[in-house]
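Hi everyone, thanks for coming. Let me put the structure up on the screen, and then I'll talk you through one part of it.

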There are 2 protein chains.
Amino acid sequence: MEKTIGRMSLYRRLLLDIEKRGASHVYSHELARVAGIGAAQVRRDLMTMGFSGSPSKGYHVADLIGHIGTAIDPPEQQRVALVGVGNLGRAILAYFHGRRPKLAIVAAFDDDSAKVDKVVHGCRCHPLRAMSEIVPALDITVGIITVPAESAQDIADRLVNLDIKGILNFAPAALRVPPGVFVDTMDITTALEKVAYFARKGR
Amino acid sequence: MEKTIGRMSLYRRLLLDIEKRGASHVYSHELARVAGIGAAQVRRDLMTMGFSGSPSKGYHVADLIGHIGTAIDPPEQQRVALVGVGNLGRAILAYFHGRRPKLAIVAAFDDDSAKVDKVVHGCRCHPLRAMSEIVPALDITVGIITVPAESAQDIADRLVNLDIKGILNFAPAALRVPPGVFVDTMDITTALEKVAYFARKGR
DNA sequence: TGAGCGATGTGATTCAATTCACAATGTGTA
DNA sequence: TACACATTGTGAATTGAATCACATCGCTCA
Ligand SMILES: NC(=O)c1ccc[n+]([C@@H]2O[C@H](COP(=O)([O-])OP(=O)(O)OC[C@H]3O[C@@H](n4cnc5c(N)ncnc54)[C@H](O)[C@@H]3O)[C@@H](O)[C@H]2O)c1
Ligand SMILES: NC(=O)c1ccc[n+]([C@@H]2O[C@H](COP(=O)([O-])OP(=O)(O)OC[C@H]3O[C@@H](n4cnc5c(N)ncnc54)[C@H](O)[C@@H]3O)[C@@H](O)[C@H]2O)c1
């Protein structure tokens with residue numbers, strides 16, 4: 001069901017578009033077309049999440065958007081820390097700044113003294129050593145790791161010790177975390193190599 | 001088998017580390033441990049790719065690195081174009097600059113005249129209109145899309161028309177491409193929402 | 001030399017995700 | 001009213017990935 005959750009976020013974006021175009025209902029096959037997947041998949045996902053439509057009108061767009069929100073959005077603001085204010089870290093800070101009130105990056109950390117204490121895209125960059133104070137104080141539950149691979153496990157361990165429950169990791173390293181902590185690793189290099197491979201070999 | 005190809009890139013990085021530490025052989029369970037997966041998975045992957053080890057010594061590290069290279073690396077340089085020199089695009093250009101001689105980002109494109117004709121991390125940023133000339137001239141086969149979602153399908157269409165065979169897409173949009181073109185979409189927002197969701201709900 | 005150990009390679013199995021296929025249902029039409 | 005149609009909801013079938021389980025082999029050591 002992890003896959004389904006991932007697609008909910010996509011569905012919502014598409015539904016907001018559809019709503020903007022003035023449609024009040026969508027059929028599974030319409031949503032499927034814009035999502036680039038099959039209609040049965042869409043119906044199955046919505047069923048899994050406990051939504052339902054009408055065989056004649058399809059799914060009510062505004063309703064569905066609301067339901068997805070209550071299903072996947074945090075009920076109150078959920079706070080995120082980013083560790084490693086390098087090129088990628090800054091791009092992420094810029095992108096999320098002010099965009100999601102319910103899911104906000106509220107602190108950044110780096111061990112490079114040239115970056116510490118600067119405000120980057122609306123987010124203060126703290127020294128690494130301040131983590132153990134700031135993370136609990138702000139009740140941060142999610143971490144984004146954008147440090148070099150060698151440091152990634154160390155940072156993950158610290159975050160876990162500070163009771164963080166989810167990590168989005170961009171370092172090309174397989175993180176070991178205790179059960180109860182959810183990790184998703186986005187390995188851009190591997191993704192590019194895979195695309196290059198299939199661009200050459202097909203399929 | 002797409003998943004296996006993805007892991008090969010990871011295995012190689014880990015093997016290079018292991019080699020650096022002076023070990024000449026690895027057992028499947030050792031590689032599995034550092035990769036964060038099961039030993040059977042590792043053996044299955046290596047088998048799928050046609051590699052084999054010895055029951056007594058395990059897999060020969062240097063050999064394996066070489067074999068993975070011939071299996072997944074381009075035999076000669078494969079060239080990549082990046083479209084959308086924004087925050088994320090620049091981070092990617094910085095990261096790959098000079099890192100992979102065999103897989104090089106050799107051209108960038110943007111429609112913002114303030115960016116055009118500047119050299120960003122060793123890569124010249126061309127006006128969008130130059131794409132139809134430069135992509136064939138440099139024999140570029142892979143595209144990276146880092147433009148806003150509204151423009152992503154348009155850029156994908158152009159790239160496909162210029163005979164590109166693989167796209168790594170960072171825009172939160174499902175791209176429609178003809179068969180024979182491989183697309184991988186890395187949706188950072190969705191990934192973060194998923195992590196946040198499981199951080200709250202567990203599993 | 002040969003028994004025991006610890007690995008590989010792989011058929012069989014399990015598990016999860018996706019897709020198929022169709023009964024049930026509401027709608028529009030004559 | 002009754003019929004034809006398009007769509008939902010969902011069990012069943014399919015596909016594909018991950019895992020199990022074990023026959024087999026090379027090494028070590030008595
Ligand atoms: N930028 C990309 O396109 C790209 C592509 C593939 C992988 N990655 C991975 O993403 C990660 C970040 O990439 P980047 O391009 O931003 O690198 P970068 O070198 O620009 O940034 C790394 C940042 O982490 C900080 N840092 C280093 N060690 C630290 C530590 N122990 N604690 C806290 N901060 C520390 C550095 O001061 C720096 O600010 C790396 O693991 C990289 O391999 C990035
Ligand atoms: N930066 C992130 O962390 C992040 C997170 C989630 C998603 N994304 C997605 O990645 C993409 C890029 O993000 P970003 O933060 O770099 O955005 P950005 O606004 O910094 O950069 C976008 C760049 O694309 C250029 N551009 C716009 N339309 C274009 C067109 N039609 N042709 C060519 N160039 C065009 C702009 O001039 C700009 O340089 C977006 O689709 C965004 O939704 C980024």
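I'll start with a strand in chain B and then turn to a ligand.

A word on conventions: this is a predicted model, where local features need pLDDT of at least 70, side-chain atom pairs count only at pLDDT 80 or more, and totals for chains, interfaces and linings use all residues. Residues are numbered from 1 along each chain as its sequence is written, chains are lettered from A and ligands numbered from 1 in the order in which they are written, and side-chain values use heavy atoms, with hydrogens and water left out.

Look at strand β7 of chain B, residues 140–145; strands here are DSSP E runs of at least two residues, helices H or I runs of at least four, numbered from the N terminus. Six of its six residues are buried, meaning under 20% relative accessible area with a 1.4 Å probe, protein chains only. β7(B) pairs in the parallel sense with strand β3 (residues 78–83) of chain B over five bridges; pairing takes at least two DSSP bridges. β7(B) also pairs with β8(B), residues 166–169, again parallel, over four bridges. There, B:Ile144 stands opposite B:Leu168.

Now, where does ligand 2 lie? Ligand 2 sits between chains A and B. Its polar contacts are N or O pairs within 3.5 Å. An oxygen atom of ligand 2 is 3.0 Å from a polar backbone atom of B:Asn87, and one is 2.8 Å from a backbone N or O atom of B:Leu88. The protein covers 86% of the 820 Å² of accessible area that ligand 2 has on its own, by the Shrake-Rupley method with a 1.4 Å probe.

Conventions. Buried < 20%, exposed > 50% of the residue type's maximum accessible area, 1.4 Å probe, protein only. Near = heavy atom within 4 Å. Polar contact = N/O pair within 3.5 Å; in protein donor to acceptor, adjacent residues only side chain to side chain.
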